[in-house]
Amino acid sequence: MKTAIIGAGAAGCFCATILKRLCPEVQIDVYESGQKPLQKVAITGGGRCNLTNSFAEVKSLNQVYPRGYNLMKRLFKQFDNKSTMQWFENEGVKLTVQEDQCVFPQSQNAMEIVSTLLRGMQGTRIFCDQRVREVEPCLSSSTNDETIGNKNYKYRINTDSRSEIYDFVVVTTGGSPKSSGLSFLESLDLEIVEPVPSLFTFNIGNEKGRQAITELMGVVVEQAEAGLAGTKYKSEGPLLITHWGMSGPAILKLSSHAARWLAEKDYQATLCVNWLGGMKEDKIREMLQQAIAENSKKQIGTIHPITQRLWHYLLNKLEIAPDRRCAELGAKQINKLAATLSNDNYTISGQSRFKEEFVTCGGVSLSNIDTNTLECKKHPGIYFAGEILDVDAITGGFNLQAAWTMGYVVAQSIHAKKLINPIDN
Ligand SMILES: Cc1cc2nc3c(=O)[nH]c(=O)nc-3n(C[C@H](O)[C@H](O)[C@H](O)COP(=O)(O)OP(=O)(O)OC[C@H]3O[C@@H](n4cnc5c(N)ncnc54)[C@H](O)[C@@H]3O)c2cc1C
């Protein structure tokens, strides 16, 4: 039985490792377009590899998997974050769970994850510098496979210098910001969800005659709420003002949940920021009234409910001089301040990459696959795992977790199929 894995990334290499242990006799060939396997894993988490998450703060999977949460829920029954941690620990990788629930190797070195997987893959053949150009179905007339209608499905893999036939093919080529990245699958006639980027930061356009928010670069608001005007998209968390606009967990999460909507709008939208982590306007007004009453002789610039630089910026935006005495502020100005703290609007004028840590929203549609086995419905024997599928997550180790889970499930599915229907080695 011959298996080809296309893509030596997280999902492909984990699948190869698990499959090799389940069926050591199987010939596994891994095709990789890059010069080395696991090149992306080596740079994940800034070289530290945030390999999973404790999920302790995840109430529902749709919080962290904007696309594919139902699939992940189903697959986690077979292999979840705890299984992942257990697996790596059994391989001798000591892990640490950070306060923010992200899981890293204790060594803080992604290369430990890379070398663990490479060790697990021993006995597989890895062909680097081999971009797969085509996966071609070729039906043979063998009658030994009753489970798939008396037909033995086989597939030819073509690269520029190799052409070989396989019984099973696992496609794990990761995300691709353009659908042309999936052209090697053309002859399979699959349903594709137009790929668009996810996990990005927002460029904020400067308004004429106004101080630019980007002048506050480096300011961090520990708990902000960010939303998009005219939609239900909202997210909370730390927000960072950068020299091009806004970033930080609240923005990245928002970009992930609204990835497709923002792409459709060509990244032109209105960002609504609540600088007090979602506190209601009425509450903010009450808080301001109380602070002003208690500090009537002080200057308004000194009683900042948010970081001072940002407070002064907002006062400036509302044309309230920071050196005005609190007692001099009228109800109208207090109302304006409350409204701005709860819903401050900015014009998004584009997107920028976050430390190159983008992922792809879209790809091979989940309608093509059996959600228990990840096998292609149209082409038995072909499986998909990882970011190539229309599954992606926010930051925090959830994307790699999806890759491990799917890689594991595919290996088990191939193993199970082989047991039901042994194919000659
Ligand atoms: C800089 C960066 C940092 C990240 N950090 C984290 C993190 O800390 N935690 C986290 O959870 N997620 C992180 N992510 C996301 C995570 O790395 C991916 O979601 C994950 O690697 C997806 O795994 P995969 O196996 O599906 O794809 P990949 O790991 O991308 O692997 C796909 C492989 O297929 C190869 N390939 C593509 N096309 C072909 C072809 N036609 N023929 C042969 N080979 C091909 C590619 O070269 C690649 O090696 C990060 C992403 C980036 C870009």
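**Basis and confidence**

Residues are numbered from 1 along each chain as its sequence is written, and side-chain values use heavy atoms, with hydrogens and water left out. Because the model is predicted, local features need pLDDT of at least 70 and side-chain atom pairs count only at pLDDT 80 or more, whereas totals for chains, interfaces and linings use all residues. The mean pLDDT (the predictor's confidence in each residue, from 0 to 100) of the protein chain is 93, and 95% of its residues reach 70 or more. Over residues 145-150, however, the pLDDT is below 50, and this stretch has 9 contacts in the model beyond near neighbours in sequence; contact here means heavy atoms within 4.5 Å.

**Nonpolar cores**

A nonpolar core is a set of buried Ala, Val, Leu, Ile, Met, Phe, Trp, Tyr and Cys residues joined through side-chain atoms within 4.5 Å, and buried means under 20% relative accessible area, with exposed over 50% and partly exposed in between (1.4 Å probe, protein chains only). The largest such core holds 82 residues, of which Tyr-65, Val-135, Leu-185, Phe-384, Trp-404 and Met-406 touch the most other members. Its largest share, 11 residues, comes from helix H12 (residues 398-420); helices (H or I, at least four residues) and strands (E, at least two) are DSSP runs numbered from the N terminus. A second, separate core of 45 residues includes Leu-228, Ile-241, Leu-276 and Leu-341.

Leaving aside neighbours within four places in sequence, Tyr-65 is in contact with residues that include Phe-55, Met-72, Phe-76, Val-391 and Phe-398. Phe-384 sits in strand E19 (residues 382-384) and is buried, with a relative accessible area of 0%. The C-alpha atoms of Phe-384 and Glu-207, which are 177 residues apart along the chain, are separated by 46 Å.

**Two further buried residues**

Thr-3 belongs to strand E1 (residues 2-6) and counts as buried because its relative accessibility is 0%. Beyond its neighbours within four places in sequence, Thr-3 is in contact with several residues, among them Leu-19, Val-26, Ile-28, Tyr-166, Phe-168 and Ile-414. Ile-113, in helix H6 (residues 110-120), likewise counts as buried at 0% relative accessibility. Not counting residues up to four places away in sequence, Ile-113 touches Val-41, Cys-49, Leu-51, Phe-88, Val-93, Pro-105 and Trp-404. Ile-113 and Leu-38 are 75 residues apart in sequence and 9.4 Å apart in space, C-alpha to C-alpha.

**Helix H10 and positive phi values**

In helix H10 (residues 308-317), Leu-310, Trp-311, Tyr-313, Leu-314, Leu-315 and Lys-317 are buried. These buried residues pack against strand E13 (220-228), strand E14 (234-241), helix H9 (281-294), helix H11 (331-342) and strand E17 (344-353). Glu-319 follows H10 and lies in the loop between H10 and H11, where its phi is near 55 degrees, a positive value in a residue other than glycine. Glu-319 is exposed, with a relative accessible area of 71%. Tyr-267, also not a glycine, has a positive phi of about 60 degrees and lies in the loop between helix H8 (259-264) and strand E16 (269-274); Tyr-267, however, is buried, with a relative accessible area of 12%.

**Ligand site**

The ligand is surrounded by 31 residues, the closest being Ala-11, Glu-32, Gly-45, Glu-387 and Leu-400, where a residue is near a molecule if one of its heavy atoms lies within 4 Å of it. The table lists polar contacts, each a pair of N or O atoms within 3.5 Å; within protein, one must be able to donate a hydrogen and the other to accept it, and residues adjacent in sequence count only if both atoms are side-chain atoms.

| Residue | Protein atom | Distance to a ligand oxygen atom |
|---|---|---|
| Ala-11 | polar backbone atom | 2.8 Å |
| Glu-32 | side-chain N or O atom | 2.6 Å |
| Gly-45 | backbone N or O atom | 2.9 Å |

The protein covers 91% of the 1,000 Å² of accessible area that the ligand has on its own, with accessible areas taken from the Shrake-Rupley method with a 1.4 Å probe and, for residues, only the protein chains shown counted as cover. Helix H1 (10-22), helix H2 (44-47) and H12 are the elements that give two or more residues to the shell around the ligand, and the largest share, 4 residues, comes from H12.
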